[in-house]
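Welcome! Open your viewer, get ready to select residues by number, and follow along stop by stop.

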Amino acid sequence: MNRTHTWTGRADGPGDEHRRFWQIVEPAEAPAAPGNRATADPTRPGGPAADAVILGFASDEGVRRNHGRQGAAAGPEAIRAALGSLAAHSPLRMVDAGDVVVAGEDLESGQADLARQIAELRRSPGLSEALTGVLGGGHETAWGSYLGLAEECADRRLGILNLDAHFDLRQAERPTSGTPFGQVAADRAARGADFDYTVIGISEANNTTALFDTARELGVTWLNDVDSQDVARAVRWVEEFAAGVDDLYLTIDLDVLPAAVAPGVSAPAGFGVPTAVILAACGAGAASGKLRHFDVVELNPRYDVDGRTARTAARLVHAILTRAAAARSGGSTV
(Lines give C-alpha, C1' and ligand atoms only; values in the text may rest on other atoms or scores of the structure.)
Protein backbone atom coordinates (compact mmCIF):
# COMPACT_ATOMS: atom_id res chain seq x y z
CA MET A 1 0.00 0.00 0.00
CA ASN A 2 1.32 3.44 -0.91
CA ARG A 3 0.50 6.85 0.52
CA THR A 4 1.36 10.16 -1.15
CA HIS A 5 2.32 13.44 0.52
CA THR A 6 1.95 17.13 -0.18
CA TRP A 7 5.02 19.17 0.69
CA THR A 8 4.58 22.60 2.25
CA GLY A 9 6.87 25.14 3.84
CA ARG A 10 7.92 28.73 4.15
CA ALA A 11 8.03 30.91 1.02
CA ASP A 12 10.28 33.99 1.09
CA GLY A 13 9.76 35.12 -2.48
CA PRO A 14 10.18 34.12 -6.14
CA GLY A 15 13.52 33.10 -7.62
CA ASP A 16 16.10 30.42 -6.94
CA GLU A 17 17.76 32.53 -4.25
CA HIS A 18 14.72 31.85 -2.03
CA ARG A 19 14.38 28.19 -2.90
CA ARG A 20 13.53 25.68 -0.16
CA PHE A 21 13.14 21.92 -0.29
CA TRP A 22 9.36 21.88 -0.42
CA GLN A 23 9.59 23.87 -3.66
CA ILE A 24 11.85 21.40 -5.48
CA VAL A 25 10.07 18.13 -4.72
CA GLU A 26 7.95 16.44 -7.38
CA PRO A 27 5.60 13.50 -6.84
CA ALA A 28 6.67 10.42 -8.76
CA GLU A 29 3.56 10.22 -10.91
CA ALA A 30 2.30 13.75 -11.30
CA PRO A 31 3.09 16.67 -13.62
CA ALA A 32 5.35 19.38 -12.35
CA ALA A 33 3.93 22.33 -10.49
CA PRO A 34 4.51 25.81 -11.96
CA GLY A 35 7.76 27.31 -10.81
CA ASN A 36 9.40 24.03 -9.79
CA ARG A 37 12.65 22.99 -11.38
CA ALA A 38 11.42 19.76 -12.97
CA THR A 39 9.07 20.23 -15.92
CA ALA A 40 7.76 16.72 -16.58
CA ASP A 41 7.19 13.38 -14.91
CA PRO A 42 10.72 12.10 -14.15
CA THR A 43 9.64 8.44 -14.26
CA ARG A 44 8.60 8.59 -17.95
CA PRO A 45 10.89 8.43 -20.98
CA GLY A 46 11.90 11.93 -21.96
CA GLY A 47 11.35 13.31 -18.46
CA PRO A 48 14.14 15.22 -16.71
CA ALA A 49 16.81 13.41 -14.78
CA ALA A 50 16.45 13.54 -11.00
CA ASP A 51 19.23 13.88 -8.47
CA ALA A 52 17.35 12.00 -5.76
CA VAL A 53 14.18 10.05 -5.16
CA ILE A 54 12.85 9.31 -1.69
CA LEU A 55 10.30 6.93 -0.24
CA GLY A 56 8.88 6.53 3.23
CA PHE A 57 8.57 3.22 5.05
CA ALA A 58 5.76 3.60 7.56
CA SER A 59 6.41 0.66 9.85
CA ASP A 60 6.29 -0.05 13.57
CA GLU A 61 6.11 -3.82 13.36
CA GLY A 62 9.86 -4.48 13.48
CA VAL A 63 10.20 -2.29 16.57
CA ARG A 64 7.22 -3.99 18.19
CA ARG A 65 8.75 -7.42 17.58
CA ASN A 66 12.04 -6.16 19.02
CA HIS A 67 10.27 -4.87 22.17
CA GLY A 68 11.05 -1.21 21.48
CA ARG A 69 8.95 1.94 21.85
CA GLN A 70 6.42 2.06 19.04
CA GLY A 71 5.67 5.14 16.96
CA ALA A 72 8.24 5.06 14.16
CA ALA A 73 5.53 4.56 11.53
CA ALA A 74 4.93 8.32 11.77
CA GLY A 75 8.62 9.06 11.20
CA PRO A 76 8.58 9.64 7.42
CA GLU A 77 5.95 12.37 7.66
CA ALA A 78 7.82 14.12 10.48
CA ILE A 79 11.11 14.10 8.56
CA ARG A 80 9.44 15.52 5.46
CA ALA A 81 7.84 18.29 7.52
CA ALA A 82 11.21 19.25 9.02
CA LEU A 83 13.05 19.01 5.70
CA GLY A 84 10.52 21.02 3.70
CA SER A 85 11.52 24.48 4.92
CA LEU A 86 15.29 23.93 4.79
CA ALA A 87 17.11 25.94 2.14
CA ALA A 88 17.97 24.24 -1.16
CA HIS A 89 21.13 26.09 -2.19
CA SER A 90 21.99 23.78 -5.08
CA PRO A 91 19.78 23.19 -8.13
CA LEU A 92 18.58 19.83 -6.81
CA ARG A 93 15.90 17.85 -8.57
CA MET A 94 13.96 15.61 -6.19
CA VAL A 95 11.14 13.08 -6.57
CA ASP A 96 8.95 11.79 -3.74
CA ALA A 97 7.56 8.29 -4.38
CA GLY A 98 5.32 8.33 -1.29
CA ASP A 99 5.20 5.86 1.58
CA VAL A 100 5.14 2.10 1.67
CA VAL A 101 2.73 1.45 4.52
CA VAL A 102 3.04 -1.81 6.45
CA ALA A 103 -0.41 -3.31 6.98
CA GLY A 104 -0.87 -4.55 10.54
CA GLU A 105 1.72 -7.16 11.46
CA ASP A 106 2.63 -8.10 7.88
CA LEU A 107 6.15 -6.70 7.97
CA GLU A 108 7.52 -9.20 5.47
CA SER A 109 5.15 -8.10 2.71
CA GLY A 110 5.98 -4.47 3.43
CA GLN A 111 9.71 -5.13 3.16
CA ALA A 112 9.21 -6.99 -0.11
CA ASP A 113 7.13 -4.11 -1.46
CA LEU A 114 9.77 -1.60 -0.43
CA ALA A 115 12.49 -3.65 -2.15
CA ARG A 116 10.44 -3.93 -5.32
CA GLN A 117 9.74 -0.20 -5.46
CA ILE A 118 13.38 0.75 -4.85
CA ALA A 119 14.52 -1.59 -7.63
CA GLU A 120 11.87 -0.31 -10.04
CA LEU A 121 12.65 3.33 -9.30
CA ARG A 122 16.34 2.72 -9.85
CA ARG A 123 15.54 1.24 -13.27
CA SER A 124 13.12 3.99 -14.28
CA PRO A 125 14.00 6.43 -17.10
CA GLY A 126 15.17 9.67 -15.56
CA LEU A 127 15.83 8.04 -12.18
CA SER A 128 18.35 5.33 -13.04
CA GLU A 129 21.26 7.55 -11.98
CA ALA A 130 19.48 9.12 -9.03
CA LEU A 131 20.36 8.63 -5.39
CA THR A 132 17.55 6.74 -3.66
CA GLY A 133 16.69 7.19 0.00
CA VAL A 134 14.17 5.82 2.48
CA LEU A 135 12.74 7.61 5.50
CA GLY A 136 11.79 5.15 8.27
CA GLY A 137 10.19 3.52 10.10
CA GLY A 138 12.17 1.18 12.31
CA HIS A 139 15.52 -0.24 11.27
CA GLU A 140 13.70 -3.16 9.68
CA THR A 141 13.69 -0.69 6.78
CA ALA A 142 17.27 -1.77 6.05
CA TRP A 143 16.33 -5.27 4.89
CA GLY A 144 13.96 -3.86 2.28
CA SER A 145 16.55 -1.26 1.26
CA TYR A 146 19.23 -3.90 0.83
CA LEU A 147 16.99 -6.17 -1.23
CA GLY A 148 16.17 -3.24 -3.48
CA LEU A 149 19.88 -2.91 -4.29
CA ALA A 150 20.97 -6.54 -4.24
CA GLU A 151 20.36 -7.49 -7.86
CA GLU A 152 21.75 -4.23 -9.23
CA CYS A 153 24.93 -4.71 -7.18
CA ALA A 154 25.17 -8.47 -7.69
CA ASP A 155 28.49 -8.24 -9.54
CA ARG A 156 29.85 -5.31 -7.58
CA ARG A 157 31.24 -4.86 -4.08
CA LEU A 158 28.49 -3.30 -1.96
CA GLY A 159 29.61 -1.61 1.23
CA ILE A 160 27.14 -0.97 4.05
CA LEU A 161 27.94 1.92 6.38
CA ASN A 162 25.72 1.94 9.46
CA LEU A 163 25.68 4.87 11.88
CA ASP A 164 24.13 3.17 14.88
CA ALA A 165 24.49 2.31 18.56
CA HIS A 166 23.64 -1.32 17.70
CA PHE A 167 24.96 -4.00 15.35
CA ASP A 168 21.43 -5.21 14.47
CA LEU A 169 22.82 -8.70 13.91
CA ARG A 170 20.30 -10.46 16.13
CA GLN A 171 18.93 -13.91 15.35
CA ALA A 172 15.16 -14.29 15.58
CA GLU A 173 12.37 -16.48 14.22
CA ARG A 174 10.93 -13.48 12.36
CA PRO A 175 12.56 -10.28 11.07
CA THR A 176 12.66 -7.39 13.55
CA SER A 177 14.32 -4.00 13.75
CA GLY A 178 17.28 -5.79 15.35
CA THR A 179 17.89 -8.43 12.64
CA PRO A 180 18.42 -6.67 9.28
CA PHE A 181 22.18 -6.99 8.97
CA GLY A 182 22.14 -10.60 10.12
CA GLN A 183 19.70 -11.18 7.28
CA VAL A 184 21.97 -9.30 4.88
CA ALA A 185 25.00 -11.36 5.99
CA ALA A 186 23.10 -14.59 5.32
CA ASP A 187 21.97 -13.35 1.91
CA ARG A 188 25.49 -12.28 0.94
CA ALA A 189 26.80 -15.72 1.93
CA ALA A 190 24.09 -17.41 -0.15
CA ARG A 191 25.10 -15.29 -3.14
CA GLY A 192 28.79 -16.03 -2.63
CA ALA A 193 29.38 -12.30 -2.09
CA ASP A 194 31.44 -10.46 0.51
CA PHE A 195 29.69 -8.95 3.51
CA ASP A 196 31.28 -5.49 3.72
CA TYR A 197 29.69 -3.96 6.80
CA THR A 198 31.01 -1.30 9.14
CA VAL A 199 29.37 0.57 12.02
CA ILE A 200 30.16 3.90 13.63
CA GLY A 201 28.78 4.52 17.12
CA ILE A 202 28.53 1.04 18.66
CA SER A 203 27.61 1.12 22.34
CA GLU A 204 29.50 -1.58 24.23
CA ALA A 205 26.93 -1.29 27.02
CA ASN A 206 24.03 -2.03 24.67
CA ASN A 207 25.40 -4.94 22.64
CA THR A 208 25.90 -8.33 24.27
CA THR A 209 29.03 -10.44 24.11
CA ALA A 210 27.18 -12.75 21.72
CA LEU A 211 26.58 -9.84 19.33
CA PHE A 212 30.25 -8.81 19.44
CA ASP A 213 31.22 -12.43 18.78
CA THR A 214 28.85 -12.56 15.81
CA ALA A 215 30.29 -9.31 14.46
CA ARG A 216 33.83 -10.70 14.66
CA GLU A 217 32.81 -13.98 12.99
CA LEU A 218 31.26 -12.02 10.11
CA GLY A 219 34.27 -9.74 9.68
CA VAL A 220 32.38 -6.62 10.72
CA THR A 221 34.42 -3.54 11.57
CA TRP A 222 33.29 -0.82 13.96
CA LEU A 223 34.10 2.28 15.95
CA ASN A 224 32.46 2.34 19.35
CA ASP A 225 30.71 5.44 20.62
CA VAL A 226 33.64 6.44 22.87
CA ASP A 227 36.02 6.33 19.90
CA SER A 228 33.55 8.14 17.64
CA GLN A 229 33.78 11.55 19.29
CA ASP A 230 36.28 13.01 16.82
CA VAL A 231 35.14 14.33 13.43
CA ALA A 232 38.44 13.73 11.65
CA ARG A 233 38.64 10.12 12.79
CA ALA A 234 35.09 9.35 11.68
CA VAL A 235 35.66 10.97 8.30
CA ARG A 236 38.85 8.93 7.74
CA TRP A 237 36.96 5.78 8.71
CA VAL A 238 34.26 6.48 6.12
CA GLU A 239 36.71 7.47 3.40
CA GLU A 240 38.82 4.36 3.89
CA PHE A 241 35.77 2.11 3.91
CA ALA A 242 34.32 3.73 0.78
CA ALA A 243 37.64 3.38 -1.02
CA GLY A 244 37.42 -0.41 -0.70
CA VAL A 245 33.95 -0.87 -2.23
CA ASP A 246 32.25 -0.18 -5.56
CA ASP A 247 28.91 1.02 -4.21
CA LEU A 248 27.93 2.46 -0.84
CA TYR A 249 24.70 2.07 1.12
CA LEU A 250 24.47 4.45 4.09
CA THR A 251 21.97 3.68 6.84
CA ILE A 252 21.43 5.92 9.86
CA ASP A 253 19.69 4.83 13.04
CA LEU A 254 18.97 8.05 14.91
CA ASP A 255 19.58 6.33 18.25
CA VAL A 256 23.29 6.76 17.52
CA LEU A 257 22.87 10.37 18.66
CA PRO A 258 22.80 11.50 22.30
CA ALA A 259 19.34 11.33 23.88
CA ALA A 260 19.39 15.10 24.43
CA VAL A 261 19.67 15.56 20.65
CA ALA A 262 17.47 12.63 19.63
CA PRO A 263 14.92 11.84 22.35
CA GLY A 264 12.35 10.67 19.81
CA VAL A 265 13.71 7.22 19.02
CA SER A 266 12.90 3.64 19.93
CA ALA A 267 15.92 3.27 22.23
CA PRO A 268 17.43 6.62 23.38
CA ALA A 269 21.21 6.63 23.83
CA GLY A 270 22.73 7.06 27.27
CA PHE A 271 25.92 8.40 25.69
CA GLY A 272 25.80 8.74 21.92
CA VAL A 273 27.89 10.23 19.14
CA PRO A 274 27.98 14.04 18.66
CA THR A 275 25.80 15.42 15.88
CA ALA A 276 28.82 17.04 14.23
CA VAL A 277 30.50 13.64 13.88
CA ILE A 278 27.41 11.99 12.39
CA LEU A 279 26.88 14.92 10.04
CA ALA A 280 30.51 14.73 8.89
CA ALA A 281 30.28 10.96 8.37
CA CYS A 282 27.17 11.44 6.23
CA GLY A 283 28.92 14.15 4.24
CA ALA A 284 31.98 11.97 3.67
CA GLY A 285 29.86 9.08 2.44
CA ALA A 286 27.92 11.33 0.07
CA ALA A 287 31.07 13.04 -1.18
CA SER A 288 32.70 9.68 -2.03
CA GLY A 289 30.83 9.54 -5.34
CA LYS A 290 29.88 5.93 -4.54
CA LEU A 291 26.71 6.50 -2.54
CA ARG A 292 23.78 4.76 -4.21
CA HIS A 293 21.19 4.59 -1.44
CA PHE A 294 20.59 5.79 2.10
CA ASP A 295 18.01 5.53 4.82
CA VAL A 296 17.28 7.43 8.02
CA VAL A 297 15.32 5.40 10.55
CA GLU A 298 13.89 5.07 14.06
CA LEU A 299 12.41 8.57 14.34
CA ASN A 300 9.51 8.27 16.78
CA PRO A 301 7.54 11.55 16.86
CA ARG A 302 5.49 10.29 19.79
CA TYR A 303 8.50 10.76 22.07
CA ASP A 304 10.18 13.67 20.31
CA VAL A 305 10.73 16.86 22.30
CA ASP A 306 10.20 20.13 20.45
CA GLY A 307 10.85 18.29 17.17
CA ARG A 308 14.54 17.88 18.04
CA THR A 309 14.95 14.44 16.51
CA ALA A 310 13.00 15.31 13.37
CA ARG A 311 15.01 18.50 12.86
CA THR A 312 18.28 16.62 13.26
CA ALA A 313 17.14 13.90 10.88
CA ALA A 314 16.23 16.56 8.33
CA ARG A 315 19.69 18.14 8.62
CA LEU A 316 21.28 14.75 7.94
CA VAL A 317 19.09 14.19 4.88
CA HIS A 318 19.86 17.75 3.73
CA ALA A 319 23.61 17.09 4.02
CA ILE A 320 23.41 13.77 2.18
CA LEU A 321 21.36 15.13 -0.71
CA THR A 322 23.38 18.29 -1.21
CA ARG A 323 26.79 16.61 -0.86
CA ALA A 324 25.83 13.77 -3.18
CA ALA A 325 24.53 16.17 -5.81
CA ALA A 326 27.70 18.24 -5.55
CA ALA A 327 29.83 15.11 -5.95
CA ARG A 328 27.92 14.21 -9.11
CA SER A 329 28.26 17.68 -10.64
CA GLY A 330 31.70 18.53 -9.33
CA GLY A 331 30.29 21.72 -7.82
CA SER A 332 29.94 23.12 -4.30
CA THR A 333 27.05 22.79 -1.85
CA VAL A 334 26.27 26.55 -1.78
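Begin by selecting D99, which is buried because its relative accessibility is 0%; buried means under 20% relative accessible area, exposed means over 50%, and partly exposed lies in between (1.4 Å probe, protein chains only). Before you go on, note that this is a predicted model, in which local features need pLDDT of at least 70 and side-chain atom pairs count only at pLDDT 80 or more, while totals for chains, interfaces and linings use all residues. Residues are numbered from 1 along each chain as its sequence is written, and side-chain values use heavy atoms, with hydrogens and water left out.

**Stop 1**

The term stands for a side-chain nitrogen of Lys or Arg within 4 Å of a carboxyl oxygen of Asp or Glu. Helices (H or I, at least four residues) and strands (E, at least two) are DSSP runs, numbered from the N terminus. Is R80 buried or exposed? With 5% relative accessibility, R80 counts as buried.

**Stop 2: along a helix**

Next, select D213 and R216, whose side chains form a salt bridge at 3.5 Å, N to O. They are separated by about one helical turn, because they are three residues apart in helix 6 (residues 209-217). D213 is partly exposed at 35%, whereas R216, at 51%, is exposed.

**Stop 3: one more bridge, and the count**

Move to R233 and D227, where the closest N and O atoms of the salt bridge are 4.0 Å apart. R233 is partly exposed at 35% relative accessibility, and D227 is partly exposed at 31%. How many salt bridges are there by this rule? The count comes to 22.

**Stop 4: aromatic rings**

The whole structure holds six aromatic pairs, counted when ring centres of Phe, Tyr or Trp (its six-membered ring) lie within 6.5 Å; planes under 30 degrees apart are stacked, over 60 edge-to-face, and the rest tilted. Select F181 and Y197: this pair is stacked, with 4.7 Å centre to centre and 25° between the planes. F181 belongs to helix 5 (residues 180-191) and Y197 to strand 7 (residues 196-202). F181 is buried at 0%, and Y197 is buried at 2%.

Finish with F167, F212 and W222, which ring pairs link into a cluster.
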